[in-house]
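Here is a short note for a colleague opening this structure. Please read the points in order, with the model in view.

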Amino acid sequence: MKFSFYLPLLLMLQYIENFAFVDFVCLLGIIPLIIYLFNRNVTIETRYLLPLIFLTAFASLYEIVGTSIFQLRTKYWFRSYIFLEFYTVLYFYYKLLNFKKILLGFGIIYLVAYIYLLFQWNTDKRGLNDLPLNIIVTLTVICSSFFWFIEVFKKLEDVPLYRRIEFYYISVLLIYFCATFLMFLMTDYIINNDSLELLYYWDI
């Protein structure tokens with residue numbers, strides 16, 4: 001009897017805890033912008049990354065304010081975000097590398113695929129619709145990162161990798177987009193599974 005009385009309360013507390021954790025993770029996206037605002041004396045490579053930093057901060061605030069507080073629908077925002085995210089990442093690599101034509105090619109391919117999929121968009125199967133775009137952005141990041149390593153070893157400078165700020169940026173982009181690609185491969189299972197814990201990680 002006592003257990004049945006406390007069960008709704010426990011479920012409600014778990015629900016609040018889950019969404020509070022997601023909001024906390026979203027807040028982490030604002031940290032790079034705060035660091036930049038308090039330290040404007042940054043490297044040129046960091047300036048190349050500023051569009052992505054601003055976009056990530058705005059997306060984090062939108063998730064907290066728009067989605068969690070005002071319960072706004074995210075399907076149109078997400079569609080805009082993946083477009084802006086790709087071109088802010090592409091801008092970083094374009095400014096950093098000498099392989100301009102190849103990067104422009106990636107940009108054109110993504111734009112064509114985005115426009116085509118926009119007409120095929122099915123909001124009920126978001127992951128499947130976005131998978132081709134995710135493949136393109138993942139390949140762009142992997143190839144661009146590979147090109148950066150080629151340029152570094154060609155120049156044969158005496159600066160070790162761990163002292164290059166762009167090395168950390170590239171490493172983070174590689175880890176993030178490769179992990180995101182794996183998540184998209186499991187999209188149907190994550191969304192259709194009733195386990196709260198899986199949806200938990202999907203939101204992150």
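**Notes on the model**

1. Start with Leu 111. Its relative accessibility is 37%, so Leu 111 counts as partly exposed. The model is a predicted one. Leu 111 sits in helix α6, which spans residues 100-119. Together with Ile 115, Leu 118 and Phe 119, Leu 111 makes up a nonpolar patch on the surface. The accessible area of these four residues together is about 400 Å².

2. Now the overall plan. The protein has 10 helices and 0 strands. Read from the N terminus, its elements run α-α-α-α-α-α-α-α-α-α. Of its 204 residues, 35% count as buried. The protein exposes about 13300 Å², and carbon and sulfur atoms supply 71% of that area. Take the contacts between residues at least 6 apart in sequence: 67% of them join residues at least 24 apart.

3. The largest nonpolar core has 38 residues. Phe 92, Tyr 93 and Leu 173 have the most contacts inside this core. Which helices each supply at least two residues of this core? They are α2 (31-38), α4 (50-69), α5 (75-96), α6, α7 and α8 (165-185). The largest share, 9 residues, comes from α5.

4. Look at Phe 92 in more detail. Leaving aside residues up to four places away in sequence, Phe 92 touches Glu 45, Tyr 48 and Leu 49, as well as Tyr 169, Ile 170 and Leu 173. Leu 173 is, like Phe 92, among the residues with the most contacts inside the core.

5. Is Ser 144 buried or exposed? Its relative accessibility is 0%, so Ser 144 counts as buried. This serine lies in helix α7, residues 126-155. Ser 144 touches Tyr 93, Leu 97 and Leu 103, again not counting residues up to four places away in sequence.

6. Aromatic rings deserve a separate look. A search of the whole structure finds 17 aromatic pairs. One of them joins Tyr 36 and Phe 54 edge-to-face, at 6.3 Å centre to centre and with 75 degrees between the planes. Tyr 36 lies in helix α2 and Phe 54 in helix α4, so the pair ties together parts that are 18 residues apart in sequence. The two partners differ in cover. Tyr 36 has a relative accessible area of 10%, which is under the 20% limit, so Tyr 36 is buried. Phe 54, at 42% relative accessibility, counts as partly exposed.

7. Another pair is formed by Phe 167 and Tyr 168. Why is this pair called edge-to-face? The ring centres of Phe 167 and Tyr 168 are 5.5 Å apart and the planes are at 70 degrees, so the pair is edge-to-face. The cut-off for that class is over 60 degrees. Tyr 168 counts as partly exposed because its relative accessibility is 40%.

8. Rings also group beyond pairs. Phe 83, Phe 86, Tyr 87, Tyr 110 and Tyr 114 form one aromatic cluster.

9. Last, the charged side chains. How many salt bridges does the structure hold? It holds 1 salt bridge. The partners are Arg 164 and Glu 166, whose closest N and O atoms are 3.7 Å apart. Both Arg 164 and Glu 166 are buried.

Definitions and conventions
Residues numbered from 1 in each chain as written. Predicted model: local features only at pLDDT ≥ 70, side-chain atom pairs only at ≥ 80, totals over all residues. Heavy atoms only, no water. Buried < 20%, exposed > 50% of the residue type's maximum accessible area, 1.4 Å probe, protein only. Patch = residues over 30% accessible without salt bridge, like charges linked within 9 Å, V, L, I, M, F, W, Y side chains within 5 Å. Areas by Shrake-Rupley, 256 points an atom, 1.4 Å probe, with all protein chains shown as cover. Helix = DSSP H or I, 4+ residues; strand = E, 2+ residues; numbered from the N terminus. Contact = heavy atoms within 4.5 Å. Core = buried A, V, L, I, M, F, W, Y, C linked by side-chain atoms within 4.5 Å. Phe/Tyr/Trp six-rings, centres within 6.5 Å; stacked < 30°, edge-to-face > 60°.
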